[in-house]
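Biologist: Could you put the model up, so that I can ask you about a few places in it?

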Amino acid sequence: MATLFTGISELRTVSEAGTLTDAALVAEGGEVTWIGPAAQAPACDESVDLGGRAALPGWVDSHSHMIFDGDRAAEFEARMAGQDYAAGGIAVTMEATRAASAERLRGLLRQRVRAARAGGTTCMETKTGYGLNVDSEKMAAQIAAEVVDEVTFLGAHVVPPGADAEDYVNLVCGDMLDAVAPHVGWIDVFCERGAFNEEQSRRVLEAGQAAGLGLRVHGNQLGEGPGVALAVELGAASVDHANYLSDSDVEALAASETVATVLPACDLSTRQPLAPARRLLDAGAHVAIASNLNPGTSYTSAMTFCVATAVLQQRLSLDEAIAAATSGGARALRRHDVGDGRDAQGRPAKGTLAVGAAADLHVLDTPHAIDLAYRPGMPLTWRTYVAGERVA
């Protein structure tokens, strides 16, 4: 059944069509089948009037850690009082997550996905990485595969308290990887001081690659380091955080297909310098914006907040920020449009509104998309549609 979405004051397609005014869109079978001026819209089985509101592709949140129990409010308060951030706080979440039942974790995950959709997010990635033993990581992967679009194995988040680092890397690359591999599409590693060094990170990524998983890297969050270079060398889909970049890091990213995923909410929460998104775009690198939803350093799925921060503080234009939070995130997940609205696997592409792409629509309760930055902090999401069906 074909559905006509009309009454669109401003349609940011994030495609060659650009921004259309007084526009309409047709969705059928979960895909966009027509876009153009409302006056030229074809007849359809049903019509939805968006009432003169702006619309854009749903946010594609390519970096989150949603499978956890407990919180780290005390750690956050201490950090706001001046304590430095260190990766070791993850162990606190590990204990709470290991103690939680599958039913509880599943319920918490569904609740977090609903909240993200209520803010306009239509495609999400999430990671394991708070169980840090074989059984807990496998359970997290299984639950995530039921609920979330893209799942990443992050057994190499930190070394659990009391474990030997080399023994733990062997476990991640062996029994743990074997247990989670049927349920995930990606492998990630926290290549950072306090977590895993370059040699350990390489072992993890190469083991995942040998198991047929795509590669992602947490890198260069707390200082310059090997994360970016390693990600580019191994052809990772993304390197995330990227706060501290050398000239050679920027040049390597600009010459590669590896996406630099910036996490503005995390930067604010950890009081790190905001990732140099402007510098990366000017150099020609691919950039994504993601929420980094997690209990320690970015307890939010509000992509609108991240986009506003990118415009107001990272000096991106609105179009650049929207593109980074939609098609940029899709590229980081290899779900981007490579032609005719399809991704490289022939699926409807995410993060764009082009014929053949997924009919994932974020409708704002305003006629002007610039209000995403002009009215920061305001509740601007009116409706969210996934594959043409309203989900929030």
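Biologist: Where does Arg315 lie?
Modeller: Arg315 is in the loop that runs between H11 and H12, where helices (H or I, at least four residues) and strands (E, at least two) are DSSP runs numbered from the N terminus. Please bear in mind that this is a predicted model, with local features needing pLDDT of at least 70 and side-chain atom pairs counting only at pLDDT 80 or more, while totals for chains, interfaces and linings use all residues. Residues are numbered from 1 along each chain as its sequence is written, and side-chain values use heavy atoms, leaving out hydrogens and water.

Biologist: And is Arg315 buried or exposed?
Modeller: Arg315 counts as exposed, at 67% relative accessibility; the scale is buried under 20% relative accessible area, exposed over 50% and partly exposed in between, with a 1.4 Å probe and protein chains only.

Biologist: What about Leu132, what is its phi near?
Modeller: Phi of Leu132 is near 60°, again a positive value in a residue other than glycine. Leu132 sits in the loop between strand E6 (121-127) and helix H4 (134-147), and it is buried, with a relative accessible area of 2%.

Biologist: Back to H12, which of its residues are buried?
Modeller: In helix H12 (residues 318-325) the buried ones are Leu318, Ala321, Ile322, Ala324 and Ala325. These cover an arc of only 165° around the axis, which puts them on the same side of H12, the arc being that of the directions from the helix axis to the C-beta atoms.

Biologist: Switching to pockets, what volume does the largest one have?
Modeller: The largest pocket has a volume of about 270 Å³. The search used a 1 Å grid over the protein atoms alone: a pocket is an open set of points with protein on both sides within 12 Å along at least five of seven lines, a cavity is a set where a 1.4 Å probe fits but cannot get out, and lining residues have an atom within 4 Å of a point. Grid points are joined across faces, edges and corners, and a volume is the space filled by probe spheres set on the points.

Biologist: Which residues lie nearest its centre?
Modeller: Of the 18 residues lining the largest pocket, Val14, Ala323, Ser327, Gly328 and Arg331 lie nearest its centre, and H12 and helix H13 (327-332) each supply at least two residues of that lining. Domain 1 (2-58 + 347-390) and domain 2 (59-316) both contribute to it, so the largest pocket lies between them; the domain bounds come from an automatic or database domain assignment.

Biologist: How much space lies in the second largest pocket, and which helix gives the most to its lining?
Modeller: About 220 Å³ lies in the second largest pocket, and 16 residues line it, with Thr304, Phe305, Met378, Pro379 and Leu380 closest to its centre. Helix H11 (residues 303-312) gives the most to this lining, with four residues. Domain 1 and domain 2 both give residues here, so the second largest pocket also lies between them.
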